[in-house]
Amino acid sequence: MNIISSYSIKGGVGKTALAVNLAFALRESGHRTLLIDLDPQGAAAFYFRVGSAKKFRMADKQSLAEGLLRNIRESDFPGLDILPSNLAYRHFDIVLDGMAKRRKQLRMVLEEFTPDYDVIVMDCPPNITLLSENIFRASDAIIVPVIPTVLSQRTLEQLSGFFRDEELPGDILRPFFSMVQKRNKMHREIMAELPAVYPGFLKTVIPFSADIEKMGLRRMPLLAYSATCEAALSYRTLCDEILSQTGPRPC
Amino acid sequence: MDVRVQKNEFARLALPDDLGLERLQKEWSLDIQPQESKTLIFWDSFEWGVWFGGYALYSCGERYHLSVRQAGWSEPALCEEQTKGRPRFWQDFETGPLRTALQELLGLRGLTPVAEGIFRQRRCDLRNDLEKVVCRLVLTSVSSAGKRGEKELLQSCQVLSLRGYESEAARVVECLTECGARGCEDAPLDVLLRYTHTLPQKYTLRPAFGLDMTTPARKATGRIVRTMLELAVSNLPGILNDLDTEFLHDYRICLRKMRSVLSLVKGVYPAEETQRMRQLLGDLARQTNRLRDLDVYLLAREEYLGLLPQELRPALNGMFTDFTAERGKEVRRTTSKIRSPSIRCLLKEIEHCFCEKTLHRASPAAELPVGPLVFSGIYKRYRKICKIAAQIDTETPDEGVHQLRIECKKLRYLMEFFGEMIPHEDGAALQKVLRRLQGRLGEFNDASVQQKSLLDYWKQKKPGSAVSLGLGGLISVLYQRQQQTRALIQQSLEEFCNGSTAAIFKRTFKLPASAPATDAP
């Protein structure tokens with residue numbers, strides 16, 4: 001089972017759009033996929049018309065795993081299930097902090113999902129907390145949307161620095177350019193320079209697209225309602241690129 | 001293969017004419033897909049190998065699908081294949097999974113249509129207030145097709161639940177039940193077979209005859225002959241249609257078994273009647289000898305070719321072409337014989353002779369309890385085999401080994417016919433050892449007969465020709481194989497005539513001195 005996380009310290013960079021469409025593309029290519037919405041805002045589950053998760057006890061690894069499993073909902077697209085978010089997830093840090101091996105709990109919990117799924121995609125909240133550390137240690141790849149702007153560049157540097165400081169495996173960081181506007185000169189300049197600094201930079205680029213923004217109105221992945229638009233094709237290419245480079249990490 | 005029904009099937013219901021969908025519309029919005037209609041033909045072998053394997057094989061046009069038998073029509077097939085023409089045997093399929101599955105389910109058997117139906121299907125998604133799909137329905141109507149015309153047989157509804165929305169599926173079932181729906185375990189094939197009054201039955205050449213130790217010998221023998229005759233006759237349509245080679249094979253076995261039982265349990269019918277019946281049964285079997293020989297050669301084609309080096313293989317193709325052509329002629333000759341009134345008369349005569357109501361003159365063993373008679377016969381036969389075995393060595397002519405094979409076959413038939421009276425564990429242990437010995441004797445005999453037959457064919461060919469060389473190679477290999485089998489026969493005889501096998505035979509079948517006279521009237 002592969003665990004792929006869509007993560008960025010910065011908000012509004014196309015993280016949830018990536019998670020939702022990546023999960024859909026994985027399911028299209030025959031992988032039994034679970035999309036976990038870890039962001040208390042619950043946008044990923046919203047795109048699939050799935051309501052919030054019911055509250056459950058999060059006292060230890062066992063109760064956490066059971067509660068999560070109980071809340072899994074099948075999407076309208078066979079082969080893709082959703083684990084919706086809940087406002088209570090804002091307390092995840094406190095829960096994890098009280099457990100033994102607090103930085104690796106999430107990985108251990110997700111192992112329980114192995115029989116049912118080939119891939120887990122996680123839509124992560126935009127911050128660096130104990131939950132984020134758990135996500136870093138649980139994931140086989142961290143896909144980081146980067147808008148070619150100075151601020152996004154800065155947050156990528158911060159994330160990379162954190163990985164270095166905490167001695168996390170930097171090779172799982174896979175940035176890619178998101179919401180790209182080809183006519184924007186600054187975008188073009190940053191895109192020319194940044195990949196050289198980060199060897200794991202993915203080649204596929206997701207353009208800025210009004211079609212993607214319509215996801216909120218359609219309440220479904222872009223790939224489900226506009227399968228052949230430029231952005232949809234880019235998401236599929238990105239999915240193939242990620243799959244070709246991602247293997248499960250040894251536990 | 002693992003046989004499972006669709007994992008998300010929550011319930012399968014039979015619906016009344018009014019589908020009850022209006023009732024569902026009160027709680028959910030319904031997204032009904034356009035209706036699809038297909039005519040499906042279901043296929044199976046004479047032995048219902050696909051059915052008893054837990055599967056259903058159906059075709060739609062020239063596309064063949066294998067699915068779990070109990071699954072509804074909506075479930076995706078386990079494997080499928082677009083074919084060219086109409087496949088009959090597993091070898092006629094090309095792709096891996098379907099070919100492999102059918103090899104296991106059919107063996108040498110051919111496919112024949114067993115049912116035909118028209119399936120009309122609509123899929124319907126139920127959505128909640130958020131417009132999220134919370135339950136799916138597959139509405140199927142099954143109608144008969146084919147010669148008997150179209151008639152609707154069933155309206156069914158599969159309720160498919162979505163993970164996390166099981167309570168909605170339960171609610172849907174509740175609503176439909178309120179509208180008159182009822183639980184329905186029938187798969188589409190069940191419904192079609194019931195309509196045509198077709199009941200798949202296990203087919204075996206070793207049926208139970210319902211005998212016990214005290215059944216009078218004539219009653220027991222008559223029952224065995226009648227059952228085997230019925231089985232033989234059930235194979236005739238398959239022979240006439242030349243559907244597969246097993247019909248003829250089984251027909252011949254039935255005739256041989258009938259003939260055997262008449263000679264193995266002696267004094268049950270008047271001697272002249274027994275003689276006449278054995279003669280008739282022998283004549284019927286002999287008419288099909290050449291066709292069966294050719295079937296054996298053609299079935300062994302790949303094996304024969306595999307015995308020769310690559311360079312010599314093309315030389316044998318001519319021989320198989322000749323055999324195939326000859327087989328065509330033999331099929332025509334045999335089927336015209338079977339269709340002829342004279343054969344029908346013979347079969348009627350046999351049937352009449354062994355009919356329960358037919359009166360026969362008295363004969364010495366007719367009313368004796370069959371148990372002691374047969375047990376004594378089995379033990380005598382065993383002793384006879386041991387006696388012959390003691391004289392078998394590496395120099396014994398093929399005919400001597402053949403004689404041993406015939407005696408073993410008689411013993412096997414006796415133990416099969418009256419297997420219900422033999423203690424289960426002992427019977428199974430003896431059958432196992434006997435089967436092993438018979439297997440080796442059979443291999444030896446096949447190699448011997450085939451050498452002779454191939455030599456006859458070889459003599460017709462020009463010396464030094466490619467065919468002649470290929471045949472020479474094949475005959476040499478068969479000769480070596482025969483010699484190797486000889487050593488194995490010695491081993492099997494050692495096991496069969498001594499030790500625990502001898503002890504079980506003695507303990508089970510040797511009767512006290514006071515028991516009634518046996519093998520002879």
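With 251 residues, a compact globule would have a radius of gyration near 18 Å, and chain A agrees, because its value is 17 Å. That radius is taken over C-alpha atoms, and the globule rule is 2.2 Å times the number of residues to the power 0.38.

This is a predicted model, where local features need pLDDT of at least 70, side-chain atom pairs count only at pLDDT 80 or more, and totals for chains, interfaces and linings use all residues. Residues are numbered from 1 along each chain as its sequence is written, while chains are lettered from A and ligands numbered from 1 in the order in which they are written.

I will stay with chain A for now. Its C-alpha trace spans about 50 × 40 × 30 Å along the principal axes. The secondary structure comes to 12 helices and 8 strands; helices (H or I, at least four residues) and strands (E, at least two) are DSSP runs, numbered from the N terminus. Of the 251 residues of chain A, 45% count as buried. Buried is when 20 or more other C-beta atoms lie within 10 Å of a residue's own, exposed is 12 or fewer, and partly exposed is in between, with C-beta atoms placed from the backbone. Among contacts in chain A between residues at least 6 apart in sequence, 78% join residues at least 24 apart. A contact here is two residues whose C-beta atoms, placed from the backbone, lie within 7 Å.

Next, one helix pair. Helix 1 (residues 15–28) and helix 12 (residues 230–245) of chain A pack at an angle of about 70 degrees, with axes 9 Å apart. Axes are lines fitted to C-alpha atoms, for helices over the stretch in contact, and angles run from 0 to 180 degrees between N-to-C directions. The angle makes helix 1 of chain A roughly perpendicular to helix 12 of chain A; under 35 degrees counts as roughly parallel, over 145 as roughly antiparallel, 65 to 115 as roughly perpendicular and the rest as oblique. Helix 1 of chain A contributes Asn21(A), Leu22(A), Ala25(A) and Leu26(A), and helix 12 of chain A contributes Tyr235(A), Arg236(A) and Cys239(A).

Two loop residues of chain A have positive phi. Glu167(A), in the loop between helix 7 (150–165) and strand 7 (173–180) of chain A, has phi near 55 degrees and is not glycine. Glu167(A) counts as exposed because it has 7 C-beta neighbours inside 10 Å. Arg219(A), in the loop between helix 10 (215–218) and helix 11 (222–225) of chain A, has phi near 50 degrees and is likewise a residue other than glycine. With 17 C-beta neighbours inside 10 Å, Arg219(A) counts as partly exposed.

Now chain B. Helix 12 (residues 313–339) of chain B has 27 residues and reaches 39 Å from first C-alpha to last, close to the 39 Å expected at 1.5 Å a residue. The expected span is 1.5 Å times one less than the number of residues. Which residues are buried in helix 12 of chain B? They are Ala315(B), Leu316(B), Met319(B), Arg327(B) and Thr334(B). These buried residues pack against helix 10 (289–299), helix 11 (301–307), helix 16 (424–459) and helix 17 (466–497) of chain B.

Last, the two chains together: 8 residues of chain B are in contact with 8 residues of chain A. The chain B side divides into 4 nonpolar, 1 polar and 3 charged. Here Ala, Val, Leu, Ile, Met, Phe, Trp, Tyr, Cys and Pro count as nonpolar, Asp, Glu, Lys and Arg as charged, and the others, Gly among them, as polar.
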